[in-house]
Amino acid sequence: MKLLLENWRRYLKEDKISVEDIHKLAHKLKIPWDNDDNFMRWTKKLTNKSHLDDLDEDERSKLYAALEKRRNED
């Protein structure tokens with residue numbers, strides 16, 4: 001899934017996934033993210049970092065793909 005998203009973004013020459021993209025998707029999924037302990041723990045579990053502003057490009061992509069997976073499971 002992650003590879004598919006990355007390849008699609010490159011194909012479309014879109015910008016890389018931003019913190020704002022993650023915020024928007026979490027909001028659509030009704031997942032609290034702003035200073036939310038559960039979201040920060042989940043982010044840390046996936047990336048070893050709990051704050052979105054500390055994530056690099058690959059970590060943001062990984063987190064975004066995980067959120068997309070959660071959306072597809074619902």
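User: What share of the contacts in the protein with a separation of 6 or more comes from residues 24 or more positions apart?

Analyst: Those residues account for 59% of such contacts, where contact means heavy atoms within 4.5 Å. Please keep in mind that this is a predicted model, in which local features need pLDDT of at least 70 and side-chain atom pairs count only at pLDDT 80 or more, while totals for chains, interfaces and linings use all residues. Residues are numbered from 1 along each chain as its sequence is written, and side-chain values use heavy atoms, with hydrogens and water left out.

User: Which elements does the protein have, and what makes a run count as one?

Analyst: The protein has four helices and zero strands, in the order α-α-α-α from the N terminus. These are DSSP runs numbered from the N terminus: helices are H or I with at least four residues, and strands are E with at least two.

User: Why is Ile-17 called buried?

Analyst: Buried means under 20% relative accessible area, exposed means over 50%, and partly exposed is in between (1.4 Å probe, protein chains only). Ile-17 has a relative accessible area of 5%, so Ile-17 is buried. This residue lies in the loop between helix 1 (2–12) and helix 2 (19–28). The C-alpha atoms of Ile-17 and Arg-60 are 6.3 Å apart, although 43 residues separate them along the chain.

User: Why does Glu-59 count as buried?

Analyst: Its relative accessibility is 15%, so Glu-59 counts as buried. Glu-59 lies in helix 4 (residues 57–73) and touches Thr-47, Lys-49 and Asp-54, leaving out residues up to four places away in sequence.

User: And where is Ile-31, and why does it count as buried?

Analyst: Ile-31 is in the loop between helix 2 and helix 3. At 15% relative accessibility, Ile-31 counts as buried. Beyond four places in sequence, Ile-31 touches Ala-26, Phe-39, Leu-67 and Arg-70.

User: Why is the pair of Phe-39 and Trp-42 called tilted?

Analyst: A search of the whole structure finds one aromatic pair. Its ring centres, those of Phe-39 and Trp-42, are 5.8 Å apart and the planes are at 45°, so the pair is tilted. For the cut-offs, rings of Phe, Tyr and Trp (its six-membered ring) pair if their centres lie within 6.5 Å; planes under 30 degrees apart are stacked, over 60 edge-to-face, and the rest tilted. Phe-39 and Trp-42 are three residues apart in helix 3 (residues 37–47), so about one helical turn separates them.

User: How do you know that the charged end of Arg-70 sits over the ring of Trp-42?

Analyst: That charged end is 4.8 Å from the ring centre. A charge sits over a ring if NZ of Lys or CZ of Arg is within 6 Å of the ring centre and within 35 degrees of the ring normal.

User: What puts the buried residues of helix 3 on the same side?

Analyst: The buried residues there are Phe-39, Met-40, Trp-42, Thr-43 and Thr-47. They cover an arc of only 160° around the axis, so they are on the same side of helix 3; the arc is that of the directions from the helix axis to the C-beta atoms. The face turned away from the buried side carries the exposed Asp-37, Asn-38, Arg-41 and Lys-45. The buried residues of helix 3 pack against helix 2 and helix 4.
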